[in-house]
Amino acid sequence: MLTLAHLDLRYKPACRAYHANMAIINIGSTRLSYDDQGTGTPILWIHGYPLNRTMWSPQIACLSVGMRHVSPDLRGFGQSDAPDEVYTMDRYADDLVAVLDDAGIDRAIIAGLSMGGYVAMAFARKHARRMSALILADTRATPDTPEAAKGRQQSAQKALTEGVAAVVEPMLTKLLCATTQREKPEVVSRVKAMMLGTRPAGVAGALQGMAQRPDSRPGLPDSRVPTLVLVGEEDAITPPAESEEITRLISGARLERIPDAGHMPNIEQPASFNAAVATFVQGHGA
Ligand code: MLT
């Protein structure tokens, strides 16, 4: 049994070697990379946009007892291929089933942040049997408004014609809260490097896929698994009201607000984020 006493909840980037266990799978002609570390309760970590699997290093490094961490790079990101196509949330959910199959995992806790949350909700709709519990961080169940979808299409074109920096740099100030920006320059540089490392086709494919995503709200009351909802109190991209709505719609879901964090509480306040995850995993015994 995992106990809080086993966990080192401080974020120490050197807690453990990272990327020790990278696997590559082929889905058609697209290669996807994922890390698979630890033993115990399997947890599938789905990164946000425009990021990659390394955003979960504060969790994988420090929640090191009693959990098996599987962290893929979604198509278009990190060390996975970036085919020139639209990456729908359903496509991503199917990719993740292939990752679980490759890892020999039948059921896992599905954990997603922001776009990763959109993918987790698609996974819950399409592949509920493969999900033992759900963690939704800094995300929303609502679809894009027509204006937001149009803006994403324009940004997708911009990324392809002007490059990734033109699209992702303006996001940076919104991603991280004022305290993080003032007091944690290493976090700011790390997130910026992750964003700028994304390829134009990856940015465009994900933006177009997010623009097409459906309203996830009608399916949420059907979810029967234990659910933890997390949100940075100062999240300016998916404000806490979005998480409150998700929590209301899923029976028994619990909401944890993370103080002094914006849209990426797992990196901005890893100790609080990890404590909430550890308590949740321990509590429902998945
Ligand atoms: C993310 O962090 O994944 C994105 O901000 C989500 C979005 O653009 O809707």
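Biologist: How many cavities of 30 Å³ or more does the count come to?

Modeller: Just 1 by this rule. Bear in mind that we're looking at a predicted model. The largest cavity has a volume of about 50 Å³.

Biologist: What makes something a cavity and not a pocket?

Modeller: A cavity is a set of points where a 1.4 Å probe fits but cannot get out, whereas a pocket is an open set. The lining of the largest cavity includes M89, Y118, M121, R125 and R140, along with A141, T142, R213, P214 and S216. By class, that lining divides into 5 nonpolar, 2 polar and 3 charged residues.

Biologist: Which helix gives the most to that lining?

Modeller: Helix 3, with 3 residues.

Biologist: Why are helix 2 and helix 3 called roughly perpendicular?

Modeller: Their axes cross at roughly 75°. Angles of 65 to 115 degrees count as roughly perpendicular, so that's the label for helix 2 and helix 3. The axes also come within 8 Å.

Biologist: Which residues meet there?

Modeller: From helix 2, M89, D90, Y92, A93, D94, L96, V97 and L100; from helix 3, M115, Y118, V119, A122, F123, R125 and K126. That contact has 11 nonpolar, no polar and 4 charged residues.

Biologist: Okay, over to K150 in helix 4. How do you know whether K150 counts as buried or exposed?

Modeller: K150 has 55% relative accessibility. Exposed means over 50%, so K150 counts as exposed.

Biologist: What separation do the C-alpha atoms of K150 and A211 have?

Modeller: 7.7 Å, with the two residues 61 apart along the chain.

Technical notes
Residues are numbered from 1 along each chain as its sequence is written. This is a predicted model: local features need pLDDT of at least 70, side-chain atom pairs count only at pLDDT 80 or more; totals for chains, interfaces and linings use all residues. Side-chain values use heavy atoms; hydrogens and water are left out. Axes are lines fitted to C-alpha atoms, for helices over the stretch in contact, and angles run from 0 to 180 degrees between N-to-C directions. Helices (H or I, at least four residues) and strands (E, at least two) are DSSP runs, numbered from the N terminus. Angles under 35 degrees count as roughly parallel, over 145 as roughly antiparallel, 65 to 115 as roughly perpendicular and the rest as oblique. Contact means heavy atoms within 4.5 Å. Ala, Val, Leu, Ile, Met, Phe, Trp, Tyr, Cys and Pro count as nonpolar, Asp, Glu, Lys and Arg as charged, and the others, Gly among them, as polar. On a 1 Å grid over the protein atoms alone, a cavity is a set of points where a 1.4 Å probe fits but cannot get out, and a pocket is an open set with protein on both sides within 12 Å along at least five of seven lines; lining residues have an atom within 4 Å of a point. Grid points are joined across faces, edges and corners, and a volume is the space filled by probe spheres set on the points. Buried means under 20% relative accessible area, exposed over 50%, partly exposed in between (1.4 Å probe, protein chains only).
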